[in-house]
Amino acid sequence: MNIINLSLKKSSSSIFFIIVGITIVIVSFISFSDGPSIEIKIDTDDSGNIIHEFQYYKQGKFIFNHGFHYSYFPDGTKKETGFYEHGKKDSVWVYFGKTGGMIKKKESWENGELVEEKSFKKNIRWISKKG
């Protein structure tokens, strides 16, 4: 497994680019004032395929997921997407089936508590619209 760590220095706001193969991921964040820096971890399998991407920060001996979280099937299609807020699941989490972007399950989280869960018997296609 190959691991890529990118550290982001403390500042009021930053934008940076991650280039993975021919995919460019643009990430924007606002850091904690005088707090820990956000880092990005990208895990790959032995063939170099990305299997996880997520943001986190360290505080003492502890590591807290904080920010986006993506995982992928071995063929590169999305497996799940979500967001962490100080180590707790937050916002909408979407779980995909292996068949090209079909949604299997959707969860809504607030401060680490599951508030809504929807499973789909017939997977629905995820359509992303730019705002």
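Which residue in E5 is the bridge partner of Ile42? Keep in mind as you look that this is a predicted model. The partner is Glu53.

That pair is a handy way into the contact between E4 and E5. These two strands pair in the antiparallel sense, over 6 bridges. Between them they make a hairpin with 5 residues separating the strands, and there you'll find Gly48 with a positive phi near 90°.

Stay with E4 for a moment, which covers residues 39–44.

Now follow the chain along E5, residues 50–59, and on to E6, residues 62–72. E5 and E6 run antiparallel and are joined by 7 bridges. To see how they line up, find Lys58, which stands opposite Ile63 in E6. This hairpin has 2 residues between its strands, and Gly60 in the turn has a positive phi of about 65°.

From E6 the next stop is E7, which spans residues 78–85. E6 and E7 are antiparallel too, with 6 bridges joining them. Here Ser71 is the residue to look for: Glu80 in E7 stands opposite. The hairpin of E6 and E7 has 5 residues between the strands, and its turn includes Gly76, with a positive phi of about 95°.

Definitions and conventions
Residues numbered from 1 in each chain as written. Predicted model: local features only at pLDDT ≥ 70, side-chain atom pairs only at ≥ 80, totals over all residues. Heavy atoms only, no water. Pairing = 2+ DSSP bridges. Helix = DSSP H or I, 4+ residues; strand = E, 2+ residues; numbered from the N terminus. Buried < 20%, exposed > 50% of the residue type's maximum accessible area, 1.4 Å probe, protein only.
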